[in-house]
Amino acid sequence: MKCPFCGNIDTKVNDSRAMDENTVIRRRRQCESCNEKFTTYERLDTIPMTVIKRNGTREAFDRSKIVRSLMSACNKRSVTMEQIEQTATEIENTFLNSMKREIDSRDIGELVMDKLKETDEVSYVRFASVYKRFKNIDTFMDELAKMLKEKEREKSATESTKEENNE
């Protein structure tokens with residue numbers, strides 16, 4: 001690795017650490033000539049993903065759009081930036097691991113909603129109201145009713161499991 005300070009190509013690695021769920025390696029290096037230290041990041045070179053928008057146009061996948069959407073939905077909620085970054089990484093990795101190079105924007109939106117539902121229900125409803133383009137209070141209430149039914153089913157399943165374990 002070429003030293004950014006003096007241009008010498010003889011550098012040694014002092015420390016290596018995996019980051020972002022082992023998708024990035026951070027290396028601390030030191031120049032053999034000038035002894036300056038610097039950091040490099042090594043990540044897998046991937047084929048760019050393309051997002052197919054609702055109107056049929058295509059654009060490059062942009063992780064920062066997911067982060068911005070999550071931040072907007074989680075505004076003034078008890079969701080940390082670390083949780084938002086982790087969620088965005090999980091979403092991105094899901095599509096990278098799928099090996100699909102073209103992703104429908106609806107698939108991204110659905111996955112964002114699934115992750116938000118696990119993280120914070122209010123943030124989920126905020127995101128869903130924009131993503132699903134709620135036209136009036138009725139569509140909003142329908143979505144809330146659907147959420148409450150799911151929650152009730154989960155609660156019943158949990159109680160059934162507890163009862164079986166007690167027997």
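The sulfur of Cys34 lies 3.7 Å from the closest cysteine sulfur, which belongs to Cys31, and this is too far for a bond. A disulfide is a covalent bond between the sulfur atoms of two cysteines, and here it is taken to be a pair of cysteine sulfur atoms within 2.5 Å. By this rule the count of disulfides is zero. Cys34, at 29% relative accessibility, counts as partly exposed, and so does Cys6, at 40%; in these terms, buried means under 20% relative accessible area, exposed means over 50%, and partly exposed is what lies in between, with a 1.4 Å probe and protein chains only.

This is a predicted model, in which local features need pLDDT of at least 70 and side-chain atom pairs count only at pLDDT 80 or more, while totals for chains, interfaces and linings use all residues. Residues are numbered from 1 along each chain as its sequence is written, and side-chain values use heavy atoms, with hydrogens and water left out.

**Strands and their hairpins**

Helices (H or I, at least four residues) and strands (E, at least two) are DSSP runs, numbered from the N terminus, and two strands pair if DSSP finds at least two bridges between them. Strand β1 (residues 11–19) and strand β2 (residues 24–31) run antiparallel and are joined by eight bridges, with Ala18 standing opposite Ile25 in β2. On its other pairing, β2 is joined by seven bridges to strand β3 (residues 37–43), again in antiparallel fashion, and in β3 the bridge partner of Arg29 is Phe38. In a regular strand the side chains alternate between the two faces of the sheet.

The hairpin of β1 and β2 has four residues between the strands, and in this hairpin Asp20 takes a positive phi near 45 degrees. The hairpin of β2 and β3 has five residues between the strands, and there Asn35 takes a positive phi near 65 degrees.

A search of the whole structure finds one aromatic pair. Phe127 and Tyr131 form this pair, which is stacked, with 5.8 Å from centre to centre and 15 degrees between the planes. Rings of Phe, Tyr and Trp (its six-membered ring) are said to pair if their centres lie within 6.5 Å, and planes under 30 degrees apart count as stacked, those over 60 as edge-to-face and the rest as tilted. Phe127 and Tyr131 both lie in helix α4 (residues 121–131), where they are four residues apart, about one turn of the helix.

The buried residues of α4 are Ser123, Tyr124, Val125, Phe127, Ala128 and Tyr131, so both members of the pair are buried. Arg54 lies over the face of Tyr131, at 5.0 Å from the ring centre; a charge sits over a ring if NZ of Lys or CZ of Arg is within 6 Å of the ring centre and within 35 degrees of the ring normal.

Ser105, found in helix α3 (residues 105–119), is buried, with a relative accessible area of 15%. Leaving aside residues up to four places away in sequence, Ser105 touches Val51, Ile52, Lys53, Arg54 and Tyr131, where contact means heavy atoms within 4.5 Å.

In helix α1 (residues 63–73), Ile66, Val67, Leu70 and Ala73 are buried. Seen down the axis of α1, these buried residues fall within an arc of 130 degrees, so they line one face of the helix; the arc is that of the directions from the helix axis to the C-beta atoms. The buried residues of α1 pack against α2 (81–97), α3 and α4.

Lys76 lies in the loop between α1 and α2, while Met99 is placed in the loop between α2 and β6 (102–104).

Glu159, in helix α5 (residues 137–166), is partly exposed, with a relative accessible area of 39%. The C-alpha atoms of Glu159 and Ser78 are separated by 28 Å, and the two residues are 81 residues apart along the chain.
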